[in-house]
Amino acid sequence: MAHSARRDSPELPDFSLLKRLARDQLVYLLEQLPGKKDLFIEADLMSPLDRIANVSTLKEHEVDKLYKVEYKPITSTSDQLCFLIRPRIKTVKWICDVANADKATGKFRRYKIIFTPQKFYACEAVLEEQGIFGDVTTDEWAFYLLPLDDDIISLELPEFFRDNFLAGDQRWVRTAGSALHLLHSLYGPFSKVYGIGRCSKMAYESWREQVAEGEQRTRQAEIGRVFLIDRDVDFVTPLCSQVVYEGLVDDIFRIKCGCVEFGPDVTSDKSVKVMLNSQDKVFNEIRNEHFSNVFGFLSQKARNLQTAYDKRRGMDIKQMKTFVSEELKGLKQEHRLLSLHIGASESIMKKKTKQDFQELLKTEHSLLEGFEIRECISFIEEHINRQVSMIQSLRLLCLLSITENGKFYGVDHLLTFANLRHLGLLVEQQPGETLTVMESKVGKLVNDKTAGKLTDAFSSLARKSNFRALSRRLNLVPKSGEEYDLRVPRDMAYIFSGAYVPLSCKLIEQVLERDGWTGLEEVTKLLNGNEFAVTGSNGADSKAKNDAQRIILVMFLGGCTFSEISALRFLGREKGYKFIVVATAITNSSRLLESLLDNHV
Amino acid sequence: MMKSKADEEDYWNSSKFKAFTFDDEDDEFSRLKESKQAVNSIRRLVEEDDDEDDVEKVSWSGEPVGSISWSVRETAASNQRTDREPTFPKINTDTPTLSKSNSGYSLSSLFKGKTKGGNFQSFNDCESELHCMNEWMNDDWSPEETIQRMQQGKAFSLEKFRSLQDKLLLLDFAVSAHDGNVITAVLIYLKRTLGKEVLFRELESRQTALRHLIQYLTETRDQRLLLELLRSLCRTGPCTTGREHLSITDENKRRDFLKSCLSLPFSPEDSAHVQDHFTLLERQIIIEATDRQAERGGKVEIFQKFPRRASILNMPLVTTLYYCCFYHYTEPEGTYSSSLNIRQTFKISEKQYFVTALAARAKLKAWSDVDALFTSRNWLGFTRKKSPLSFQRVVDILQKNSAPTQVLQDYVALVDDAELRISLAQKHKCHDIVINTYRDLKDRQLLLGYRGKVERGSAEERKIDELLNNPRRRWK
């Protein structure tokens, strides 16, 4: 890659330990129910489970059949049932139904529920209410952290965002604290913690209490500093279209748990599931690149590959033998990866061309820069009128309202009440209920006439967005008209075609540079405060002594996008840091908005 | 922010935005194609013995399976009591500190012991369990201590907190601990042991707890209590009733329910929503009944030619408008199903109506209707084509509804911007327009170049030749 990386970047800690611990604890829990048993797994736990154990691990511990939790009567004939679930009331109720149905037919079985990452009292209350408490044994599988890559760890809790920021439910605060505690005990002790946001503060407190409750051996710290950030500190970044390869792949194909499914449009054959991480040599080189650079890179690679194959010509038998045994396998692997990513790039091009992506980006960029707002509004209006895509329209509306602080709303009636109503009625194909729900959603949108509240979804914040002022203070939007060579990025703005430096990452950069929030008072005021920077008792002396200080763990409460990860990787290369991103889940604009729709009631 | 026009142009043309375009099949894309060909050409070679390769997945961690004993050892090691952790300071998490004086309990009895959640490996050993049980038997925990025990997953009992004061202290400590799990647990206990009037009253001043209760009732689908709670808080809004409403499947009952909602104390905007929603559903019920009959009767041509794919009941407004533009376009404005009537009743904007009607009529290939949509007469009686939408978009919509070139041509010609007009014309093969535009631009070179793109011996070619060979024509 073209970046001039600093050579002295420290090595990342080895996170495969987290997987081993989780697997071993699961095995231990399964052994608590000796004998043959059927295992029911909650749908969204299947992929995370796949990453740490495989079927044979489960079979070894007398799991007979595997089922997905489907909220239907079960067909299992086993006399021992084990349920591996998230602590959700709906699921527990279903288990109660299963047990009660057995009772009614006089069938005796043993039941065990394994909650992960923890159980909630509300779930136990359901067991009690349904008369099942005592018939069921419960356990907790402390599977807090799933390493998705060398530098990405996910809590795989997408509901964190909605629960915490929309519903104001703090059930996951301790979970976040515990996750941090686990990292602290394995890779700490941390010496400095920075943060911003209400939830970050609470998670910090929860973690601090847990540290105080337990005791720990001292060890050489591998991770020195920690940065906690709430998603609601920066909504702009995740609402923007992603144009860095990994982000684009996520926007279009949806990366799930580090794995993507490429359909026939990419493979021109049957669908394949592909792991996307640093082990994929081709992917690793293009994941952080702006999409426009990806083509050049892939063609170069293809040419090199051709040359490598061509070497065979004129080889004698012996040379051929070495070639086959030493090089061929690697080449074949590379070939496979290369054709996959070329296929994906082609498919991305096709899809983006079809949906006026260029114009969409233009609109986003003007919104970020804050001019030609009238044009933007009419673009959005047209978008709505033509019923292009509800999520897309909502996304633009949210961007508009955040970046413009809702200013336009009172004065300018281009986006009238009626239009907003249409927006709510956008979903054509879905059954009737969407209508009402969306209507109520939009009803709320319209109610909150004031400013940033247009995005009712974010109403829980009850704060105004001060994007414009923030953008000026932090210099988030580079001056227009300047050349921006995307091949040689000069700052983090490259992840948005040079049009915008992600606010979240800019904050991280600034705080690390200043070792705290000093000098950023104006900024934190605009962000509603809740910032902190604390030093542990061993922080002062061990400073600068070891590499750990340059290994920085950034925890995004409420989700993080691949674009932000790319930006942090860039920052790390520039400044000689290594960032480890811990996210409650990987998110993007669609996931963010979908989680706020009410049609999954 | 004011910027001059020139600045703006500059902005869009500046290199940073030009660096990358999705619109053109530019060099990059063709390069990509080439590389794809290159890669494909070597595929044969690769596939020769592509059997044992695990093509489906590349595993990331090749780590061998860790043994359980290893894990147990690790846990044991982490439990060894050695130096204490560096301590971190407490930060203020903006909840008012509770005055401990009126709790009436001493803090000295604060329990400190082995935690359950503290270590990630929570292997319960019998000994500590027993220890816990003993402690629990002779417990006398204060509200604060109880909350701490709950947070740590230790045994506790809430039953002895019987006075309202104790219950509220319990709740307030739970809230100040920022542990939603514990807050909800206390709320479940309070819900069970307090009258709802009292509970609701106390929650009014406790927003965090209130939101937890709302979330809990939503999750347990306790609609009745949720509605009562929200009513008592005067929080009636579409959200609450919306949920209730969703569960009604019969359209007539739904309509009646909506009617009953009209009198609820919504804000003006919301009540307008409910009113519109009610009117829409009422309308849909009438249309559905008539159309279903017409379809079954088999006498109305349009229903035979284009059978309805689904009932119109409960469909969104825009879908309803589309439906009416499709099946009832020519009806007089007085009828319920007339598209104009729908437009009037629901005050649909011109643009929205236009886009919807355009798409519906284009789908039916009713080109004269399409044409009529654009026609307006000025005061002198001349007709001229007007559109609330840019003609570029119009072309786009028509093309998506597979309009023939002759139709497209009319609208491409109306695109103001010459450059855009040419690119659209080329894209949709409207040769006449391209030729005429080049003629008007007096650009012989371009015209000559375009000659190669039209069919040999076609009328277009002849037209180009005529222009080129016309000696009276002046070129640039």
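This report describes selected features of chains A and B in a predicted model.

## Chain B as a whole

Chain B contains 26 helices and two strands. Of its 476 residues, 44% are buried. The accessible surface of this chain comes to about 26,300 Å², and carbon and sulfur atoms account for 50% of that area.

## A mostly covered helix in chain B

Helix α7 of chain B spans residues 143-151. This helix is mostly covered, with eight of its nine residues buried. The buried residues include the charged residues B:Glu144, B:Glu145 and B:Arg149. Also buried in α7(B) are B:Pro143, B:Thr146, B:Ile147, B:Met150 and B:Gln151.

After α7(B) comes B:Gly153, which has a positive phi near 75 degrees.

## Two crossing helices in chain A

Two packed helices are described by the angle between their axes and the distance between the axes. In chain A, helix α7 covers residues 173-187 and helix α8 covers residues 198-213. Their axes come within 8 Å and cross at roughly 55 degrees. Because of this angle, α7(A) is oblique to α8(A). The crossing of α7(A) past α8(A) is right-handed.

On the α7(A) side, the residues that meet α8(A) are A:Val173, A:Arg174, A:Ala176, A:Gly177, A:Ser178, A:Leu180, A:His181 and A:His184. Their counterparts in α8(A) are A:Cys199, A:Met202, A:Ala203, A:Ser206, A:Trp207, A:Gln210, A:Val211 and A:Glu213. By class, this contact between α7(A) and α8(A) has eight nonpolar, six polar and two charged residues.

## A buried leucine in chain A

A:Leu49 is found in helix α2 of chain A, which runs over residues 43-52. Is A:Leu49 buried or exposed? A:Leu49 counts as buried because its relative accessibility is 6%, and the cut-off for a buried residue is under 20%.

Leaving aside residues up to four places away in sequence, A:Leu49 touches A:Leu26, A:Ile41, A:Leu58, A:Leu84 and A:Trp141. A further relationship concerns A:Arg23, which is 26 residues from A:Leu49 in sequence. In space, the C-alpha atoms of A:Leu49 and A:Arg23 are 8.7 Å apart.

How values were computed
Residues are numbered from 1 along each chain as its sequence is written. Chains are lettered from A and ligands numbered from 1 in the order in which they are written. This is a predicted model: local features need pLDDT of at least 70, side-chain atom pairs count only at pLDDT 80 or more; totals for chains, interfaces and linings use all residues. Side-chain values use heavy atoms; hydrogens and water are left out. Helices (H or I, at least four residues) and strands (E, at least two) are DSSP runs, numbered from the N terminus. Buried means under 20% relative accessible area, exposed over 50%, partly exposed in between (1.4 Å probe, protein chains only). Accessible areas come from the Shrake-Rupley method with a 1.4 Å probe; for residues, only the protein chains shown count as cover. Axes are lines fitted to C-alpha atoms, for helices over the stretch in contact, and angles run from 0 to 180 degrees between N-to-C directions. Angles under 35 degrees count as roughly parallel, over 145 as roughly antiparallel, 65 to 115 as roughly perpendicular and the rest as oblique. A crossing is left-handed if the near helix is turned anticlockwise from the far one by less than a right angle, and right-handed if clockwise. Contact means heavy atoms within 4.5 Å.
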